[in-house]
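Hi,

Here is the structure I promised to pass on. Have a look at it first, and my notes on what turned up follow below.

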Amino acid sequence: MGKKEPRFVIHKHDATRLHYDFRLEIGGVLKSWAVPKGPSTNPKEKRLALATPDHALSYIGFEGVIPEGEYGAGTVMVWDIGTYKNIKKKDGKLVPLEKSYADGQIEVWLEGKKLKGGYALIKTKGLGENKWLLIKMRDEHADARRNPVKSQPKSALTDRTLKQIAAS
Ligand code: MN
């Protein structure tokens, strides 16, 4: 029996500032990063990703409105969702994801509805303690002309806009 593949989600979050929360299922929780500009499909565009508190796995499919005064207040959309594979290797062997997270050197292969292929999350000491970079790896899914944040703005689950989610 194969192990069930871990999941990832990218929440589009209209909070104080619009941003994208990139979340990977690691060790029974959703490890999370807030990406102000959202993910790119261009390997030359490094996107700042700020590590944020872990979320419960049950939050993965959440879409709706977090009330004023609560943590993360604002409208939340499932912008992309799917499974992923750990592809970080050292000396030809896969590095356990928990170790990659601790090392600040994550490489995953995404199978989302919008995003596919390799993405690296690299902790950058020079920028500050919680600062990482989200970078598209060079593979057949890399595409400098595509800009899914702009061209595919709606929910991957319900095809709704942020406005429609906020109004429901
Ligand atoms: Mn957020």
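There are 7 aromatic pairs in this predicted model, where rings of Phe, Tyr and Trp (its six-membered ring) pair if their centres lie within 6.5 Å, with planes under 30 degrees apart called stacked, over 60 edge-to-face and the rest tilted. One of them is Y20 with W79, edge-to-face at 5.7 Å centre to centre and 80° between the planes. That pair links distant parts of the chain, since Y20 is in strand β2 (residues 18-26) and W79 in strand β6 (residues 74-86), 59 residues apart. Helices (H or I, at least four residues) and strands (E, at least two) are DSSP runs, numbered from the N terminus. Both Y20 and W79 are buried, meaning under 20% relative accessible area, with exposed over 50% and partly exposed in between (1.4 Å probe, protein chains only).

Ring pairs also join F8, F22, W33, Y101 and W132 into a cluster. Y101 has the charged end of K31 over its ring, 4.6 Å from the centre; the cut-offs are NZ of Lys or CZ of Arg within 6 Å of the ring centre and within 35 degrees of the ring normal. K136 lies over the face of Y119, at 5.1 Å from the ring centre.

On the backbone, D91 has a positive phi near 50° and sits in the loop between β7 (89-90) and β8 (93-94). D91 counts as exposed because its relative accessibility is 78%. D159, in the loop between α2 (148-151) and α3 (162-167), has a positive phi near 60°.

Residues are numbered from 1 along each chain as its sequence is written, and side-chain values use heavy atoms, leaving out hydrogens and water. As the model is predicted, local features need pLDDT of at least 70 and side-chain atom pairs count only at pLDDT 80 or more, while totals for chains, interfaces and linings use all residues.

Cheers
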